[in-house]
Amino acid sequence: MESLQLRSWISPQLRRNVDLLPVKGGEETSRWWGTRITDMSLTQAYQESLRRLGLMPDVPDTGRYQLKVELLALAQPQVPVSPEVAIAVRYTLTERGAKTALYQRTLRTTQKAGIDDSLSPTEQLRIATEGALRANIGELMRELASLPLPG
């Protein structure tokens with residue numbers, strides 16, 4: 001529902017004009033270091049969100065703007081019982097071929113999961129991690145929707 005509302009606020013210059021550059025900073029999940037998010041999973045999450053808002057072009061690599069996404073930090077507790085996960089992602093939006101950023105920001109979000117979400121501590125950690133990323137992407141999409149761009 002929120003993405004439908006945001007869609008009407010998107011600048012005409014951004015509609016179907018934002019290409020996603022390769023996402024960086026993801027890691028493979030290992031049994032020693034908790035739940036991680038791979039670059040491929042991150043890329044899919046951002047592509048889906050950009051498409052839902054009508055920002056991605058129909059033909060890849062044809063957009064006027066390029067969005068660079070870097071996962072800077074994923075903080076998870078050592079003991080995943082009712083975990084709170086924090087995530088920091090740096091976003092940079094540039095016009096294709098330009099060096100100057102039109103938008104650059106590091107967004108930090110947190111999410112907590114508990115026994116209401118799952119009895120399994122591992123599942124709680126996964127839920128909190130996904131929730132923190134979802135909140136971060138949502139914040140980015142709200143900021144892009146209200147971004148003033150030159151005509």
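Visitor: What makes β3 and β4 a hairpin, and which residue in the turn has a positive phi?

Guide: The model is a predicted one. In it, β3 and β4 form a hairpin with five residues between them. The residue with the positive phi is G97, at about 85°.

Visitor: How do you know that β3 and β4 pair?

Guide: Pairing requires at least two bridges between two strands. Strand β3 (residues 84-95) and strand β4 (residues 101-112) are joined by eleven bridges, so they count as paired, and they run antiparallel.

Visitor: Which sense does the pairing of β2 and β3 have, and over how many bridges?

Guide: The sense is antiparallel, over ten bridges. Y65, for example, stands opposite E95 in β3.

Visitor: How many bridges join β1 to β2, and do they run parallel or antiparallel?

Guide: Strand β1 (residues 18-20) is joined to β2 by three bridges, and the two run parallel. With at least two bridges needed, three are enough, so this counts as a pair. Here V18 stands opposite Y65 in β2.

Visitor: Why is Q66 called buried?

Guide: The cut-off for buried is under 20% relative accessible area. Q66 has 16%, so it is buried. Q66 lies in strand β2 (residues 65-75).

Visitor: What does Q66 touch, leaving out residues up to four places away in sequence?

Guide: Q66 touches D19, L21, T92, L93, T94 and R96.

Visitor: Why is K112 called exposed?

Guide: Exposed means over 50%. K112, which is placed in strand β4, has a relative accessible area of 52%, so it is exposed. Beyond residues up to four places away in sequence, K112 still touches S82, P83, E84, D117 and A128.

Visitor: How far apart are K112 and L71, in sequence and in space?

Guide: K112 and L71 are 41 residues apart in sequence and 19 Å apart in space, taken C-alpha to C-alpha.

Visitor: What makes D116 exposed or buried?

Guide: D116 has a relative accessibility of 77%; the cut-off for exposed is over 50%, so D116 counts as exposed. D116 is found in the loop between β4 and α3 (121-145). From D116 to S82 the separation is 34 residues in sequence and 9.4 Å in space, C-alpha to C-alpha.

Visitor: Why does the radius of gyration agree with that of a compact globule?

Guide: For 151 residues, a compact globule would have a radius of gyration near 15 Å; the protein has 16 Å, and so the two agree. Along the principal axes, the C-alpha atoms fill a box of roughly 50 × 30 × 25 Å.

Visitor: What share of the contacts with a separation of 6 or more comes from residues 24 or more positions apart?

Guide: The share is 66%.

Visitor: How far apart are the mean positions of the positive and negative charges?

Guide: The 19 positive and 17 negative charges have mean positions 4 Å apart.

Note on methods:
Residues are numbered from 1 along each chain as its sequence is written. This is a predicted model: local features need pLDDT of at least 70, side-chain atom pairs count only at pLDDT 80 or more; totals for chains, interfaces and linings use all residues. Side-chain values use heavy atoms; hydrogens and water are left out. The radius of gyration is taken over C-alpha atoms; the globule rule is 2.2 Å times the number of residues to the power 0.38. Contact means heavy atoms within 4.5 Å. Lys and Arg count as positive and Asp and Glu as negative; His and the chain ends are not counted. The place of a charge is taken as NZ of Lys, CZ of Arg, CG of Asp or CD of Glu. Helices (H or I, at least four residues) and strands (E, at least two) are DSSP runs, numbered from the N terminus. Buried means under 20% relative accessible area, exposed over 50%, partly exposed in between (1.4 Å probe, protein chains only).
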